[in-house]
Amino acid sequence: MAFTLVNSIISWFLKKRKHQIELFLKYPIDVQQELLLKLVNTAKKTEFGEKYDFSFIQNYNDFANTVPIQQYESIEPLIDRCRKGEQNLFWPTNIKWFAKSSGTTNAKSKFIPVSDEALEYCHLKAGKDMLCLYINNNEKTQMFTGKGLRLGGSSEVYQDKDSYFGDLSAIITENLPFWIDYSSAPSQEVALMAEWETKMEAIINETINENITSLVGVPSWMLVLLNRVLEKTGKDNILEVWPNLEVYFHGGVNFNPYREQYKKLIPKKDFKYYETYNASEGFFAIQDKNGSKELLLMLDYGIFYEFIPMDMYNGENSKAIPLSDVKKEINYAIIITTNGGLWRYLIGDTVKFTATNPYRIKITGRTKHHINVFGEELIIEN
């Protein structure tokens, strides 16, 4: 009875957010333009803002003509200074968290600044929206009568003088509200274990007797965990361990190569799969319909979007277009301006729009994997 009441209360609370989502669905360009000016105004007294005359920027054209498109190597000196304790360089509030991302073209790791605003109004907000969209599509969900099993990457957080760095999932786990332990597993203590094998064993021991109703994590890592669960329990499939499992929220890698393996592990016809699109730089899109292969571009997370058609791509020397000018089925590189202090930043991903009312996308690959041979564009999607 208590779990049913909790399920109803949490579902009601999360569904309220749907009205705000409907606002950017109805007025996407207005929401984005207003967001851009808010970001510029917030950062106008930073070192970066003064260098590029943010005080004089009145609209998108001013912004695009004043601020250069940038890749990581261009902003690395500012980020290094921030990691050593300098503040107000590219964002006005203090930044102490940095998400360590995979190597760049010169094989060095990237350290992506994660502001308090990016944590609260992008990453954590997106986690709630993921649940909100699922609940709105599945009115009879019983997800909150049990717990969600979340599996992050490397959970070690390192201190570097005046700042901290680690995998984004570790930073998010460190900053989760205290009540999250009541609705998810493993506990934060286990989730933040550094040694992978020890953590896996601890997660399994902590969850095999729980009522797990949802899964959250990268498909490759989750697959390893689920197979270990079967080894430990001697069961034939995951539903014999967690009979009330109803949805898997996944992201990080292309799910198609894993789909059949998951169907064997979770043999349930109406089992739901929900895809998300997030990175160290921000949370960008969420599947908003059951069974869909499109992702809804989330426009109110403190991220302003621009795009470069890949047939005109020339790195930092490219000419970008705003969201209002995109067309369906054209391959675009993404540029983001964020409440974490990234300005016209090329994240290296490519997408296609499957719809423009509302704006839905599919991920097609990486800019560095895009080549043009005899006029024939080849991308990871192909």
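A pocket here is an open set of points on a 1 Å grid where a 1.4 Å probe fits, with protein on both sides within 12 Å along at least five of seven lines; a lining residue has an atom within 4 Å of a point. Two or more lining residues come from each of α2 (18-26), α3 (28-42) and α7 (116-137). α3 gives the most, with 6 residues. The lining divides into 9 nonpolar, 4 polar and 5 charged residues. The pocket's volume is about 480 Å³.

This is a predicted model, in which local features need pLDDT of at least 70, side-chain atom pairs count only at pLDDT 80 or more, and totals for chains, interfaces and linings use all residues. Residues are numbered from 1 along each chain, and side-chain values use heavy atoms, without hydrogens and water.

The protein has 13 helices and 18 strands. These are DSSP runs (helices H or I, at least four residues; strands E, at least two). Of its 382 residues, 54% are buried, meaning under 20% relative accessible area with a 1.4 Å probe.

Now take helix α11, residues 196-207. Its 12 residues should span 16 Å at 1.5 Å a residue, and its end C-alpha atoms are 16 Å apart, which agrees. Its buried residues are Lys199, Met200, Ala202, Ile203, Ile204 and Thr207. They pack against β3 (147-151), β6 (184-185), α10 (188-191), β7 (212-217) and α12 (219-233). At the start of α11, a side-chain oxygen of Glu195 comes within 3.4 Å of the backbone nitrogen of Glu197.

How values were computed
Expected span 1.5 Å × (residues − 1). Buried < 20%, exposed > 50% of the residue type's maximum accessible area, 1.4 Å probe, protein only. Contact = heavy atoms within 4.5 Å. Polar contact = N/O pair within 3.5 Å; in protein donor to acceptor, adjacent residues only side chain to side chain. Points joined across faces, edges and corners; volume = space filled by probe spheres on them. Nonpolar A, V, L, I, M, F, W, Y, C, P; charged D, E, K, R; others polar.
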